[in-house]
Amino acid sequence: MYYIPHRNPAGGAMVAVSGLIAAVIAAYAFLMPLTGVNNTAGPLLVILAGVLLIIGGLILRMAVGRGLRITMRILILLALAGTAVAGLLLHQNLIALAMIIGLIGVIIDIIRPGRTAA
Amino acid sequence: MTRTRTSLASLALIALAPLAQAQNADARWDGFHGQLNAQKYSPLTEITADNVGQLEKVWDYHTGDLADGKGDLPATVWSATPVIANDTMYIGTPFYRIIALDPASGAEKWTFDTQSELAALTQPALKNRGVAYWQDAEASGNACDKTVYIGTMDARLFAVDADTGKPCTEFADNGVLDVNQWNTTNDRWPLSLLQPPTVVGNLLILGWAGKDWEFEQAPPGSVFAIDARTGELVWTFETLPESLRDKSGTANIWTAMSADVERGLIYLPVSSPSPNYWGGNRTEEAPYATSTTALDIKTGKVVWSRQWVHHDIWDYDTNAAPTLMDITVDGKTIPALMQSMKQGFLFVVNRETGEDVWPIEERPVPQGDDSVNGEVYAPTQPFPTMPKPLLDQAEKPEIWALADAVGLGSCSRLWNDLWYEGMYTPPTTRGSGAMAYPDSAGGVQWGGVAFEPDSQIAVVNTSHLVQYIKLYDRGAYEKANNGSGNESGFAPQTGSPYGMQLEVARNWLGMPCWVPPYGELVALDMHTGEVKWRKPVGASQQYGFFMPESWGSPTIGGPAVTAGGVIFIGASMDAKVRAYSLETGQELWSDQAMAPAVANPAIYEYQGREYVAFVAGGNTILKDQVGDQVAVYALPRE
């Protein structure tokens, strides 16, 4: 008997969605006039962070190794926190709210136990 | 009978119609600072502290005249407070165009293009502070009874008819006055007309701008009074004594002036002589340099003058029109004048005589460290006792621990390497130089002081900035120079023994090395000169990230106040425009503008509705964000 770690698609997907939302909002803030942060480096940094969160979420969704999953969770939590702070400092509070979705995703990924199979 | 009554009523309505459409004559905003007394005050009361939160943008207008400096054109720096007169809003642009707009809708009435060269002839950027308006008191019904003027960086003054935008052919050479014809001493660059002329009666009083950091010898600071209709020279005033004019220069008036028409006086805020940071070429007295000087409007003769910095080697130009105010001190009404300064000083004197309202003391100041050849330092400088200085200049500003930690101790190392013995520590060649606090971009800038006459509250925004100045002898300068910017970087002071470097004290990430706040809004009770309240103003911004509002922002531009108990101001890095309570300093309203609104707001009434106009043009001293927006706000229509 051996373990096949359960692939929990919801957690990783939520992380990816939060990254997507952050990137879209940041792109809007960068491109649209009168956002107060248009044409500045801050939103570009958030777009980059959003893309990394999407990639991180997808990796988390597919990862099978325990070590990789833990590593990804830590990296994603750091990215979520940093992106939330960046969103607040850019006065784009929706970005910070989107990070809560990602946080819930990580929590789901943590608390749902792996399933024994075969 | 009924018909007759109706007809009479109709006639009365027809007769009153122009009045109904006209602006409120008591609420003039037909000059750069609203009024000639530079109070930036509106008696309008529709917008109050209670309802200003409902303010909404009713129109905005984009001139299209902007450049970020990345293409062929230099960046634009636009600080033009709109002028509202003749049922029209007039604005000047940094491409040296005049645009006439409908004050209620922003609809374009006409435009006039000077076709001026768009080159950084004397400034690092294309700059404009707006237009001037003149109306002939004895109008004959001819064209140009009402005239709008705009100056250019290449020293030409254009006059156009206020109704049509057509050139005034009676004025100078078919509507164009070449002011550079009077640039006859050290004419290294044109006398740039970036600030609109000050209109007093039928005279236009002209100052000009240049580059006093570039050369030891520069054009000396002449002021020209010209006839508003013909452009003929009426009188000239020289700010520098004859003996200094060819070996120094500037001490020009590059900012707005104020005037007391009743007393027949115009007040000149005179800047420092050239070069900015070394005075070995100008060791004799130059009593009008860095002064407020009152002239007889008709003759240009000096009535009184007060020098605010003796032998200025810090670029502490007197940089704003003094605010004229009648104040009651100890039960006595005083015709006063308040002169704000880059040092964060507010000098208050009697505007008839120039005498102190509160004592202004001559105090000993630091002398040189013997590293600078030829320099002769002033032993004392004037310090106001009331109001107290807006910045504490007694000691080195405290290092901001966070910036120091992020900079791995770079701020501490810089602090240790900078010479500072308090206010007026002179420039040096040693170490990293001398700390400049307040610096030439700090304290109060050209927005000056606003004043609410009923409550006798003065309002002023002040920046807290720390820079450092280092002088280099010629050989060292050529090695060290790696370019210059606006209010920072290297400047050659060609002809003098020393080039100079002026830098903001920051760590590698751009964080200021000193503790916040970086800018404040201050209200003063002018019965006593005491601070009524002071609050951080705006928010600083770096890479788009807004810093906490408790840190405030450096500001360029200034406030306007209303009888409704509201202060309006843009001026901050975060490009927001704001309203504050005059009584408490509480922020009541804000909106996002396209760029920092570095001009004073204009407040006007048109067709019975009160409007507040901001020009969001940006200034590279604050950050590299440019704008071309005129944003106008009013209360919603019921």
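Mentor: Chain A comes to four helices and two strands, and along the sequence they follow the pattern β-α-α-α-α-β. Keep in mind that this is a predicted model. Of the 118 residues of chain A, 42% count as buried. Look at the contacts in chain A with a separation of 6 or more: 75% of them come from residues 24 or more positions apart.

Now pick out two of those helices. Helix α1 (residues 9–31) of chain A packs against helix α4 (residues 93–111) of chain A at an angle of about 170 degrees, and their axes are 7 Å apart. An angle over 145 degrees counts as roughly antiparallel, so α1(A) is roughly antiparallel to α4(A). What sort of residues make up the contact of α1(A) with α4(A)? They divide into 17 nonpolar, six polar and one charged.

UniProt, in an unreviewed entry, lists residues 12–31, 43–63, 70–88 and 94–111 of chain A under "transmembrane region". You can check two of those spans against the model. Residues 12–31 of chain A are 100% helix and 0% strand, with the end C-alpha atoms 29 Å apart. For residues 43–63 of chain A, the span is 95% helix and 0% strand, and the end C-alpha atoms again lie 29 Å apart.

Next, follow chain A to its partner. The contact takes 11 residues from chain A and eight residues from chain B. On the side of chain A that touches chain B, helix α2 (residues 41–62) of chain A gives the most, with three residues. That side of chain A divides into seven nonpolar, four polar and no charged residues.

Then there is the largest nonpolar core, which has 228 residues; A:A22, B:V131, B:Y133, B:I266 and B:V459 touch the most other members. Helix α1 (residues 9–31) of chain A gives the most to this core, with nine residues. Over in chain B, B:V459 touches B:V449, B:A450, B:L521, B:A523, B:P559, B:V561 and B:I567, leaving aside residues up to four places away in sequence.

B:Y133 gives you a way to another spot. Leaving out residues up to four places away in sequence, B:A85 touches B:D30 and B:Y133. B:A85 lies in strand β4 (residues 83–85) of chain B. Is B:A85 buried or exposed? B:A85 is buried, because 21 other C-beta atoms lie within 10 Å and the cut-off is 20 or more. B:A85 and B:A162 are 77 residues apart in sequence, yet 9.0 Å apart in space, C-alpha to C-alpha.

B:A523, one of the residues that B:V459 touches, gives you a second pair to compare. B:A593 and B:A523 are 70 residues apart in sequence and 25 Å apart in space, C-alpha to C-alpha. You'll find B:A593 in the loop between β39 (587–592) and β40 (602–606) of chain B. B:A593 counts as buried because it has 26 C-beta neighbours inside 10 Å. Its contacts, not counting residues up to four places away in sequence, include B:G570, B:A575, B:F614 and B:Q629.

While you're in the loops of chain B, look at the backbone too. Most residues other than glycine have a negative phi, and most peptide bonds are trans. B:Y96 has a positive phi of about 60 degrees although it is not a glycine. B:Y96 sits in the loop between β5 (88–92) and β6 (97–101) of chain B, and B:Y96 is buried, with 26 other C-beta atoms within 10 Å. B:C144 is not a glycine either, and its phi is positive at about 70 degrees. B:C144 is in the loop between β9 (132–135) and β10 (146–151) of chain B, and B:C144 counts as buried with 24 C-beta neighbours inside 10 Å.

As for cis peptide bonds, one joins B:S274 and B:P275, with omega about -10 degrees. B:P275 is in the loop between β18 (265–269) and β19 (291–296) of chain B. Another cis peptide bond joins B:P516 and B:P517, where omega is about 5 degrees. B:P517 is in the loop between β31 (498–504) and β32 (519–525) of chain B.

Technical notes: Residues numbered from 1 in each chain as written. Chains lettered and ligands numbered in written order. Predicted model: local features only at pLDDT ≥ 70, side-chain atom pairs only at ≥ 80, totals over all residues. Core = buried A, V, L, I, M, F, W, Y, C linked by C-beta atoms within 7 Å. Buried ≥ 20, exposed ≤ 12 C-beta atoms within 10 Å, placed from the backbone. Contact = placed C-beta atoms within 7 Å. Nonpolar A, V, L, I, M, F, W, Y, C, P; charged D, E, K, R; others polar. Axes fitted to C-alpha atoms, helices over the stretch in contact; angles between N-to-C directions. Parallel < 35°, antiparallel > 145°, perpendicular 65-115°, else oblique. UniProt positions renumbered as here; feature names shortened; annotations may be inferred.
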